[in-house]
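Let's take a walk through this model together. Have the coordinates open in your viewer as you read along.

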Amino acid sequence: MITIATWNVLHRVHAENWGEDVLKRWPDESERIAAVTDRLVGRAEQVIALQEVSGDQLAGLRLALTDRTVHALRYPRVPAPRQGPCSLRDPGEYLVLLVDGPSREVATESFEDDRGKGALAVEVAGTLIVATHVSGDQRRARQLARLAELACTPPGHAAVLLGDFNTGRATVASALGTGFAVADLPSDALPTRPHPSGSASPWIDHVVVRGAGVSSAAVESMDGLSDHNLVRATITV
């Protein structure tokens with residue numbers, strides 16, 4: 001079994017550009033970064049995928065989580081502030097996997113049609129774990145097709161996709177196709193994205209498996225530290 005979690009921790013520049021409520025609760029980004037780090041230090045999951053990690057947040061994680069391997073993909077695109085100067089020392093944006101135990105990095109790539117989204121793949125206990133953040137528009141179809149390719153390489157290995165897919169479970173399942181299963185959350189599960197815009201699903205963060213089983217999927221409140229809540233599950237290979 002492998003216990004996993006995924007959480008979009010919200011990059012400060014994106015929060016400011018979109019006027020997220022998090023800013024009212026956490027006007028000081030250094031304090032929010034410390035609080036996010038504290039939450040992650042206490043997690044028991046063997047693998048934790050994180051999206052929208054700023055360089056400042058990543059530095060805090062590296063300092064605090066010395067017992068874990070920190071895998072990180074820095075996107076070519078750096079978020080550009082539209083509301084004034086950026087308070088971050090390193091405004092770069094990263095996709096991150098925190099792993100407790102042996103792991104081997106397999107692939108890192110930003111998507112060709114969105115240099116601020118991508119995939120980070122590592123091997124853990126013979127299972128391919130892919131952290132991802134997918135675009136929320138028509139580019140999604142191409143990106144999900146690419147994720148399906150990554151998950152099938154090498155053939156015969158179990159694979160797990162974790163991350164912010166920016167769409168609901170049915171769309172993800174349909175796009176990935178036969179052989180993939182998207183974890184079904186309990187009917188009373190908290191939203192993974194509590195305040196979606198427009199008609200977007202409030203459950204856009206997913207755990208997807210291929211050649212493995214998934215159980216105990218649940219959403220945990222992150223108490224307003226981000227605009228997303230955390231999803232956790234247990235993978236059986």
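In which strand is His71 found? Before you go looking, keep in mind that this is a predicted model. The answer is strand β3, which covers residues 69–74.

Now zoom in on that histidine. Is His71 buried or exposed? Its relative accessibility is 7%, and since buried means under 20%, His71 counts as buried. Look at what surrounds it: leaving aside residues up to four places away in sequence, His71 touches Leu95, Val96, Leu97, Val99, Ser103, Glu105, Leu120 and Val122. With one of these, Glu105, there is also a polar contact, side chain to side chain, at 3.3 Å.

From here, let's move on to a sheet. Six strands form an open sheet with mixed pairing, in the order β5-β6-β7-β8-β10-β9. At its edges lie β5 (104–111) and β9 (180–182), each of which pairs on one side only. On average, and with direction ignored, neighbouring strands of this sheet are turned by 20° against each other.

Within the sheet, have a look at β7 (residues 127–133) and β8 (residues 159–164): the two run parallel and are joined by six bridges.

Finally, bring a helix into view. Helix α5, residues 140–151, packs on the sheet and touches β5, β6 (114–124), β7, β8, β9 and β10 (205–210). The direction of helix α5 makes about 165° with that of β5.

Definitions and conventions: Residues numbered from 1 in each chain as written. Predicted model: local features only at pLDDT ≥ 70, side-chain atom pairs only at ≥ 80, totals over all residues. Heavy atoms only, no water. Pairing = 2+ DSSP bridges. Helix = DSSP H or I, 4+ residues; strand = E, 2+ residues; numbered from the N terminus. Axes fitted to C-alpha atoms, helices over the stretch in contact; angles between N-to-C directions. Contact = heavy atoms within 4.5 Å. Buried < 20%, exposed > 50% of the residue type's maximum accessible area, 1.4 Å probe, protein only. Polar contact = N/O pair within 3.5 Å; in protein donor to acceptor, adjacent residues only side chain to side chain.
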